[in-house]
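This report describes side-chain contacts in a protein model. Please examine the sequence and the structure shown here before reading on.

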Amino acid sequence: MNKADINFRTERIPYVRLVAPMIDQIPAAIALFDTDLACVLCNARWKGLFDLPADSGPPYSPDHVPSCHQGPWRKVLGQALDGETIASDFDRLERADGGVEWIRWSVSPWKDTKGAVRGALMVCEDITAEMEQHLRSKVLKQELSLFIDIAENFALCMLDDEGRITIWNQGAQRLCGWREAEVQGRHFDILFDPSERERGLPQRQLELARKNGSFRDRCWRTRKDGSRFLAEVTISRVEGDDVLPSGFGQIVRDITHEDTQARSLEASTVLLRSILDTVPEALIVIDVDGRILLFSKTAEEMFGYCAHEVIGRNVSMLMPSPDREEHDGHMQRYRSQGESRVIGSKRRVYGLRKDGTIFPHSLRIGEAFGGGQRMFAGFVQDLTEKEATEARLEELQRELAHIARVSEMGTLATSIAHELNQPLMAIGNIVQTSAELLRRAETDSIEKVADALEQAGHEALRAGEIVKRLRSFVARGEIERTLEDPGRLVRDAIALGTAGTRHRNIERSVTVGPELKHVFVDRVQIQQVLLNLMRNAVDAIERDGEVNVAITCDGSAVRFTVTDSGPGVPPERIERLFEPFSTTKKDGMGMGLAICRTIIEAHGGRIWYDPDLADGAGFVFTVPCLREEDEHGD
């Protein structure tokens with residue numbers, strides 16, 4: 001194209017020159033193309049966008065705007081000449097120097113007053129800075145979303161200034177149930193219960209975060225399915241900049257299980273402390289050097305020390321000599337050789353109280369690991385009272401055994417004396433008859449009388465010797481009365497009479513009536529009666545039953561009633577219950593109840609069997625109450 005052709009084209013559109021100064025004021029790059037796609041007009045921004053000289057003017061040859069005649073732009077200019085309007089929000093512009101810029105452009109037909117298309121109008125905006133900011137924001141958002149999604153144990157979301165959700169990570173979806181598409185643009189109050197929304201709780205939390213920079217609390221959040229969970233919530237204020245808008249970041253962590261575990265651990269700790277403070281065994285925990293780490297309440301009561309007085313000190317302070325001096329050697333041997341002679345076993349040893357008294361106790365030691373260290377737990381049971389009780393029971397058993405033997409022999413002697421009474425009388429009659437015959441001096445009977453008298457004399461001497469020896473034996477069993485509490489008599493007897501019956505599941509109970517008076521009795525003999533009755537009851541029950549002793553006032557006497565849940569006494573046996581040698585036991589002598597009757601009657605009381613007292617057997621005996629003259633010693 002030569003210069004004459006260009007001038008010709010320009011002269012055909014003279015009004016173009018008139019509008020040139022006006023289009024320089026438009027904040028966009030504008031160019032006007034004729035039907036041959038030659039640029040006939042452009043403003044300063046166009047020249048700057050396409051690196052044209054500022055003092056140059058149209059028309060321009062196609063070489064001055066090469067990009068308008070290459071690739072897709074030439075096609076869209078042609079479409080504009082056909083009457084179409086085409087636009088692009090962003091496009092890539094490569095400069096001759098290799099640089100890249102981003103533009104937004106539109107192309108439309110240029111028509112004259114008659115509506116004829118005379119060319120194409122192209123408008124371009126440089127959006128490079130805007131595009132770079134958009135790309136930076138997009139990259140940051142993608143990186144933030146990637147970071148947020150990596151946080152699996154947290155529900156993370158971004159909120160705008162109004163509290164609408166803009167970012168929602170995978171952790172939030174797992175925890176709350178909503179997908180990102182479901183919550184995008186919705187207010188974050190969907191995580192609250194309707195009643196909380198009515199009270200304005202979501203807005204108050206945002207206001208606190210806006211005012212203070214952050215909001216932190218443990219509160220409840222709601223899932224998509226309506227279920228609730230306890231959450232640790234942090235809402236932080238995000239100040240906007242040129243890249244990111246202002247808003248809020250919310251971090252939510254489900255602590256329901258953690259809170260439950262914490263409460264359970266706290267409850268377990270309180271329960272353990274309560275148990276340690278109430279169990280009868282003292283607990284002492286030491287480390288491998290023998291220093292006391294824990295000293296229970298029972299241990300404080302047992303040894304007389306407060307916990308703060310012994311914590312951190314060597315446990316040997318609780319031991320008398322020589323155990324105190326030997327203890328450190330035992331610990332050293334265990335540390336160096338791993339040899340222990342006491343762990344897991346129960347031993348009887350002696351302890352030293354704060355006041356210097358020494359007492360026996362049982363000790364069982366267990367080993368444990370915790371907090372990165374080895375510990376030893378010692379369980380201590382005070383044996384002082386137990387051993388004193390056992391010694392007293394042994395003494396009672398010896399006394400009861402002796403009195404039982406004496407009572408049985410006394411009853412046996414009484415029975416024998418009763419049995420010997422008739423033969424002795426017969427012997428006496430024989431002697432008297434023989435003497436009468438001798439006086440008559442009849443020769444025939446003299447020899448026979450002599451033999452009979454000799455035999456009767458031997459028998460009489462023998463019977464007398466038996467009675468004499470028995471009376472001498474039982475003479476030591478005279479009643480020795482003392483002032484006794486009826487309840488204590490029964491409890492002591494139960495401790496002896498039902499010992500060893502727990503494995504047979506036999507329950508024992510004592511019922512004590514009101515206003516009971518003391519009794520003036522031989523303690524051992526009355527306990528022997530109770531012991532015989534309870535042993536008979538236990539033997540009758542065999543297992544899985546109950547024995548009860550009731551003590552009540554009966555006028556001037558105290559009544560003792562022993563009942564059981566056994567089979568009872570057959571009716572045909574009732575009349576002979578208290579007779580000597582009357583028994584249904586294979587190995588019994590039949591003297592127990594006879595002895596009981598002898599003892600009670602010797603005390604001025606009586607004993608009998610009452611079949612109407614219980615489903616099993618029921619025995620009752622009474623002993624007189626303490627009289628005033630006995631009490632005052634008159």
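Arg 559 and Asp 554 meet through their side chains in a salt bridge, with 3.0 Å from N to O. The term salt bridge is used when a side-chain nitrogen of Lys or Arg is within 4 Å of a carboxyl oxygen of Asp or Glu. Side chains of opposite charge can pair when their charged atoms come close. Arg 559 counts as partly exposed, at 25% relative accessibility, and Asp 554 is also partly exposed, at 32%. In these terms, buried means under 20% relative accessible area, exposed means over 50%, and partly exposed lies in between (1.4 Å probe, protein chains only).

## Basis of the model

The model is predicted: local features need pLDDT of at least 70, side-chain atom pairs count only at pLDDT 80 or more, and totals for chains, interfaces and linings use all residues. Residues are numbered from 1 along each chain as its sequence is written, and side-chain values use heavy atoms, with hydrogens and water left out.

## Salt bridges between parts of the chain

How many salt bridges does the structure hold? The count is 18. One of them joins the side chains of Arg 228 and Glu 196, at 3.3 Å from N to O. This pair links distant parts of the chain, since Arg 228 belongs to strand β9 (residues 228-238) and Glu 196 to helix α8 (residues 194-198), 32 residues apart. Helices (H or I, at least four residues) and strands (E, at least two) are DSSP runs, numbered from the N terminus. Is Glu 196 buried or exposed? Glu 196 is buried, with a relative accessible area of 7%, whereas Arg 228 is partly exposed at 33%.

Another salt bridge is formed by the side chains of Arg 253 and Glu 232, at 2.9 Å from N to O. Arg 253 is in strand β10 (residues 247-254) and Glu 232 is in strand β9, so the pair ties together parts that are 21 residues apart in sequence. Glu 232 is partly exposed, at 30% relative accessibility.

## Cysteines

The structure holds zero disulfides; a disulfide here requires a pair of cysteine sulfur atoms within 2.5 Å. Cys 219 is buried, with a relative accessible area of 10%, while Cys 306 counts as partly exposed at 38%.

## Aromatic rings

A pair of aromatic rings is described by the distance of the centres and the angle of the planes. Rings of Phe, Tyr and Trp (its six-membered ring) pair if their centres lie within 6.5 Å; planes under 30 degrees apart count as stacked, over 60 as edge-to-face and the rest as tilted. By this rule there are seven aromatic pairs. Among them, Phe 188 and Phe 192 have ring centres 5.4 Å apart and planes at 90 degrees, so this pair is edge-to-face. Phe 188 is buried at 0% relative accessibility, and Phe 192 is buried at 1%.

The rings of Phe 295 and Phe 303 have centres 6.3 Å apart and planes at 50 degrees, so they form a tilted pair. Both of these residues, Phe 295 and Phe 303, are buried. Together with Phe 359, they form one aromatic cluster.

## Charges over rings

Which residue lies over the face of Phe 359? Arg 353 does, at 3.9 Å from the ring centre. A charge sits over a ring if NZ of Lys or CZ of Arg is within 6 Å of the ring centre and within 35 degrees of the ring normal. Arg 237 lies over the face of Phe 248, at 5.0 Å from the ring centre.
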